[in-house]
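Thanks for making time this morning.

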Amino acid sequence: MFDRLEPEALFLVHLPWIEEVAAMVCRRNSVWGDDADDFISSARAKLMENDYAVLRKFRGEAEMKTYLARVVTLHFMERARERTGRWRPSAAAEALGQLAKDLEALVHRDGCTLAEAGERLRTMGRTVLSNTELGRLLDKLPVRHPMRPGDAGAEPLEQLAGRHGADERVVGDEEERARARVLAALNDALDQLAPEDRMLVRMHLADGRTVADAARALRLDQKSLYRRLPRLKSVLRERLERAGVTAAEVLETLQRGSTDAAE
Amino acid sequence: MDHERVAALHDGKLGAHERDELLAAIAADDDESWLFAETAGVLADLEAAHAPAPPATFTADPAPSSVQADDERDESVIPIATRRPPESPGDAAEAGVAAHDDGVIPIESRRRAPARRWQVYGAVAAALVGIAVTGVLLNRSANARLDDPVEAVAMLEKGATPGVAQGWDKSFDNHLRGGNHSPGFRRTSVRLGAQLVDLELAAAAQDTTLRRLSSTVIEVLSDSSMHGAAYAAGIYRQVEQKAAAGDFDVQPLLADGRKEVQSLTDSDWLELGIWAEAARTAAARRDARFFASRTTRRVLDRAATLPDAEQKTLEALAAVRNALPAEGRATDWPGLKEKLGLLLNAAGS
């Protein structure tokens with residue numbers, strides 16, 4: 001049982017780290033200025049909540065700094081979802097680097113024009129690229145719609161006219177069955193992978209994280225991943241084809257899924 | 001999810017079975033996957049930010065600027081390249097790197113690189129995270145060369161962070177190409193030196209000109225008659241491909257390319273090209289400390305004594321010396337930048 005004072009002392013000792021983590025999470029996720037300051041304050045408050053409950057739970061099985069980093073990052077994720085919806089950088093932005101993430105956030109999350117985003121990024125010293133060059137970068141990113149919780153209105157749902165006619169609903173059902181088949185095949189193929197391979201596929205192929213990021217996160221040798229990842233892709237492709245699904249179908253299904261979700 | 005268990009996973013403290021169980025659970029959940037990857041990224045970026053600067057075994061320069069990590073993508077794990085050509089173009093293209101011998105190199109052993117390797121790679125790490133190391137020099141003798149473009153970039157205030165003068169790549173083009181592709185060994189060495197600096201700056205700034213710069217280097221290497229240039233060109237071809245795909249994760253390739261170019265070229269003239277291009281960037285940034293460094297004085301002194309330097313090169317050197325920042329007078333920064341461009345033109349064409 002912790003001495004009542006110990007968690008507070010732990011908090012104070014690690015406060016600089018907590019603030020550094022909070023600031024870094026903000027930078028990585030294109031949160032700046034007052035919003036970043038707000039989050040850092042919020043992170044401090046979170047860790048003080050309920051008499052330093054988070055610190056009291058710590059058992060000493062991991063490094064305290066790592067534990068705190070996870071807790072602060074989790075807090076960022078939850079808070080960001082409440083404020084801006086379920087926004088995440090796209091895989092394309094993730095793969096293109098921080099500038100692409102920042103640009104995507106400003107334009108597609110915050111609603112800035114390209115010119116406004118360019119001005120802001122240059123003023124913050126995050127780029128020297130011109131608007132034309134930033135435009136070329138933006139073209140590589142998918143068009144996004146923020147998934148923000150909104151007010152659906154008071155009108156009862158049953159009084160709202162359906163969006164689709166009967167024929168469209170039949171086609172829609174068939175498409176839905178095809179989509180379910182493809183996703184089931186994809187899930188089966190992924191489930192057959194070893195957990196570490198599944199995470200690699202998730203991080204690099206699905207989420208666009210760099211090979212270096214994946215290697216660091218999973219504590220693997222980076223160079224060996226350059227051979228391992230192409231092999232994983234081949235294995236997945238073969239398994240999908242055995243299930244009667246082509247890679248193109250998977251891609252189309254996933255792309256359609258992201259479009260539907262945005263409507 | 002048990003946060004402390006996941007933290008232990010990050011720390012490498014779980015046994016294989018427990019690790020697999022946890023990874024399976026994380027991979028199955030969108031939020032957990034993001035949280036895991038993001039936490040790892042935050043930890044890596046903070047580790048890089050706290051990475052020590054190279055030891056300052058001698059200093060003669062003004063106090064170093066404050067060290068502040070940029071938010072550039074960092075490669076705090078520095079791969080150790082070995083020399084082996086790609087197994088096949090397809091392999092290399094897929095891998096995005098030359099297919100080197102991939103004997104298992106534990107990450108921990110790389111992070112605890114011996115001191116002499118740290119001396120070589122310290123400037124690499126510093127440049128990659130945009131740490132200013134002006135005034136914090138590696139342990140070098142009076143005869144040591146500035147033959148590493150990464151060191152030159154690290155001499156710049158704020159290192160390789162964005163801030164290069166607008167149009168720096170176009171100026172380079174005008175000065176060093178101008179239709180003249182003479183393979184003269186000395187001229188090629190100067191050009192390649194300058195281009196290596198541009199590549200480092202472009203890669204670190206994730207500048208889209210990286211692709212065109214790579215193409216230029218390939219062309220210079222291909223036009224030259226240097227033995228081994230084809231292999232070096234192959235490395236830059238991979239950089240070009242990655243840049244075309246918007247992938248700026250090219251530091252290992254650039255490191256390989258640097259080594260190859262250094263082995264192919266005349267070290268005196270390569271050094272001049274490296275210094276002059278970094279100096280042009282410094283002039284654009286009005287970075288007086290770059291020009292006050294011993295390294296700058298050493299390079300200029302050595303260049304002036306080169307036996308095969310043409311008169312136009314010596315005159316351009318003298319003009320640069322006269323334009324350097326000096327106490328008691330205002331510096332004409334645009335003029336200095338222009339004179340450095342003329343020096344590159346004189347020595348590289």
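Is A:Asp38 buried, partly exposed or exposed? Before I answer, a word on conventions: this is a predicted model, in which local features need pLDDT of at least 70 and side-chain atom pairs count only at pLDDT 80 or more, while totals for chains, interfaces and linings use all residues. Residues are numbered from 1 along each chain as its sequence is written, chains are lettered from A and ligands numbered from 1 in the order in which they are written, and side-chain values use heavy atoms, with hydrogens and water left out.

Now to the answer: A:Asp38 is partly exposed, at a relative accessible area of 39%, where buried means under 20%, exposed over 50%, and partly exposed in between, with a 1.4 Å probe and protein chains only. This residue sits in helix 2 of chain A, residues 33-56, and helices here are DSSP runs of H or I with at least four residues, numbered from the N terminus. Together with A:Asp34, A:Asp35 and A:Asp37, A:Asp38 forms a negative surface patch; a patch is made of residues with over 30% relative accessible area and no salt bridge, like charges being joined within 9 Å.

B:Asp31 and A:Arg88 meet through their side chains at 2.9 Å, N to O. This pair crosses between chains, running from helix 3 of chain B (residues 30-49) to the loop between helix 3 (64-84) and helix 4 (91-96) of chain A, and both B:Asp31 and A:Arg88 are buried.

A further salt bridge links A:Arg202 and B:Asp30, at 2.4 Å from N to O. Because A:Arg202 lies in helix 9 of chain A (residues 195-206) and B:Asp30 in helix 3 of chain B, this pair also joins two chains. Here A:Arg202 is buried at 16% relative accessibility, whereas B:Asp30 is partly exposed at 44%. There is also a network, in which salt bridges that share partners join A:Arg28, A:Glu94, A:Lys101, A:Arg209, B:Glu38 and B:Asp45.

Turning to the interior, why can helix 5 of chain A (residues 98-109) be called largely enclosed by the rest of the structure? The reason is that 12 of its 12 residues are buried, including A:Lys101, A:Asp102, A:Glu104 and A:Arg109. Just after this helix, A:Gly111 takes a positive phi of about 80°.

As for cysteines, A:Cys26 is buried at 1% relative accessible area, and A:Cys112 is buried at 17%. A search of the whole structure finds zero disulfides over all chains, a disulfide being a pair of cysteine sulfur atoms within 2.5 Å.

Last, in chain B, B:Ala229 lies in helix 11, residues 229-244, and is buried at 4% relative accessible area. B:Ala229 and B:Thr265 are 36 residues apart in sequence and 9.8 Å apart in space, C-alpha to C-alpha.

How values were computed:
Patches are made of residues with over 30% relative accessible area and no salt bridge: like charges are joined within 9 Å, nonpolar side chains (Val, Leu, Ile, Met, Phe, Trp, Tyr) within 5 Å. Accessible areas come from the Shrake-Rupley method with a 1.4 Å probe; for residues, only the protein chains shown count as cover. A salt bridge is a side-chain nitrogen of Lys or Arg within 4 Å of a carboxyl oxygen of Asp or Glu. Lys and Arg count as positive and Asp and Glu as negative; His and the chain ends are not counted. The place of a charge is taken as NZ of Lys, CZ of Arg, CG of Asp or CD of Glu.
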